Amino acid sequence: AAAPIPVMGEADTLFNRELSWLDFNERVLSEAADPSVPALERLRFCAIVSSNLDEFFMVRVAGLSRVARSKPKTRYQDGLTAAQVYAQVREMVVRQKARQADVLVDILTELRYSGIRIDSEFLKASPLDRTILNSLPPLTVTLRGTKDPVPHLGFNQLHVYVGFPGEYAIVTITDRPSRLLRIRSKGSGLHYVLLERWIADRAAKLFPGREVIETFPFKVIREADLRYRPEDEDQLEEQILEAVGRRTRARVVRLEVDAPAYSEGALFLATALGLDSASLYRFALPLDLRTLMAIYQVKNRPKLKYPAVEPRTPQPFRRRHRIFDALKKKDFLVHHPYDSFETVLNFISGAAEDPRVTRIYHTLYRTSLNSPVMEALKLAARNGKQVTAYVEIKARFDELNNLRWASDLRRAGVRVIRPFG
């Protein structure tokens, strides 16, 4: 007999969206764990895992936690309740980060053998201490009593908690990339220091005369999902601009601590931030691995990366002014990054200057701060062409950039379509 056809909606036929996403991130981590992958590529994958997970908490876990608190018995199509999904997310994240910690140790060891040293342990005094002390970037130090409210904690910054009897200090590295401090070294080797770990291990010297009870680096993740009234399309741009501004003080959804064990200080911070134990994560793993992407950019290390892809320009498009002649004959499919994006740029800039072109329509989702595509559209408008653009101002984390482009295009005479709610 034929097998019954599964009915959509049954629990055993569906994957949970949040848990499935964590499975995807696990596959990224598997790339970082693969010893056949070049070392800097492994480091890059490891950093992507952290970046992905931060955004996952900012948006999807933030929404899930809200439902789990207010309507814990809400049941999704896969049969799980919101409370069950929330608990399983934590369980999967803890396992994933524990594996990531082991993978990172392996990567840093391989990089060290290849001439790239990243120091993250500072248990013993070292002549390096003076060099680091003289190279410190701007730091913010806030001293509070344990009964005082916790100061505002930036969501895109690294902090170090230093506990004293009845008091505590929070040291903030205000410029996140500066936590990766480069140390001058002899020869062709590269030497870096993870500054927040050095601060934590040297807190007694940084606060002379005080009894240091405990120290640990930490960071907070705040909710980043925009809340606006989509039915009020006339005010949508103003709503989004206001909502982006609220992100810096949005609800904290995760406190992540870099420490070998939970401590009174970590529990104190979680309580002061209004978090339950499920929102406190503790790993013996450096925070915010995104900053290590800077090491990936180092030159003269070809064996530590995949061979560079050299984009090619398809034959019909190698003569910029013949693009339209080629398109009249047939359609073309360009595959980036293997086919050069210059083909697209030449196509748009050529249309902006070609007197035979009278109208241009374009959709923008994400682009750079200095986009040649946007400049070409403005040039086309100045040349008297009818240019119409739709700018997606709700593109997450690119809202301000896209609002700026929408304004620039309007000033140049481009018709910018009102965003849809």
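## Close-up views of a predicted protein chain

**Figure 1. Overview of the whole chain.** The protein chain has 13 helices and 12 strands, where helices (H or I, at least four residues) and strands (E, at least two) are DSSP runs numbered from the N terminus. This is a predicted model, in which local features need pLDDT of at least 70 and side-chain atom pairs count only at pLDDT 80 or more, while totals for chains, interfaces and linings use all residues. Residues are numbered from 1 along each chain as its sequence is written, and side-chain values use heavy atoms, with hydrogens and water left out. Along its principal axes, the C-alpha trace spans about 75 × 60 × 60 Å. Of the 421 residues, 46% are buried, a word that stands for under 20% relative accessible area, with exposed meaning over 50% and partly exposed in between (1.4 Å probe, protein chains only). Among contacts (heavy atoms within 4.5 Å) between residues at least 6 apart in sequence, 73% join residues at least 24 apart.

**Figure 2. Helices H1 and H2 pack against each other.** H1 covers residues 17-33 and H2 covers residues 39-70, and the two pack at an angle of about 170° with their axes 8 Å apart; axes are lines fitted to C-alpha atoms, for helices over the stretch in contact, and angles run from 0 to 180 degrees between N-to-C directions. H1 and H2 are therefore roughly antiparallel to each other, given that angles over 145 degrees count as roughly antiparallel, under 35 as roughly parallel, 65 to 115 as roughly perpendicular and the rest as oblique. Residues of H1 that take part in the meeting include Trp21, Leu22, Phe24 and Val28, and those of H2 include Phe45, Ile48, Val49 and Phe56.

Figure 3. The axes of H11 (residues 342-353) and H12 (residues 372-382) come within 8 Å and cross at roughly 15°, which makes H11 roughly parallel to H12. H11 passes H12 in a left-handed crossing, meaning that the near helix is turned anticlockwise from the far one by less than a right angle, whereas clockwise would be right-handed. The axes of H12 and H13 come within 9 Å and cross at roughly 20°, so H12 and H13 are also roughly parallel to each other, and H12 passes H13 in a right-handed crossing. Leu377 of H12 is among the residues that meet H11, and Leu377 is also among those that meet H13.

Figure 4. H13 (residues 399-411) has 13 residues and reaches 18 Å from its first C-alpha to its last, close to the 18 Å expected, a span taken as 1.5 Å times one less than the number of residues. Its buried residues include Leu403, Trp405, Ala406 and Leu409, and Trp405 and Leu409 are among the residues that meet H12. Gly413, whose phi is positive, near 100°, follows H13.

Figure 5. Asp288 lies in the loop between strand E9 (280-283) and helix H9 (293-296), and counts as buried because its relative accessibility is 5%. The side chains of Asp288 and Arg290 are joined by a polar contact of 2.8 Å, that is, a pair of N or O atoms within 3.5 Å, of which, within protein, one must be able to donate a hydrogen and the other to accept it, with residues adjacent in sequence counting only if both atoms are side-chain atoms. Val212 lies in the loop between helix H6 (203-206) and strand E7 (214-222), and is partly exposed, with a relative accessible area of 26%. Val212 and Phe164 are 48 residues apart in sequence and 5.1 Å apart in space, C-alpha to C-alpha.
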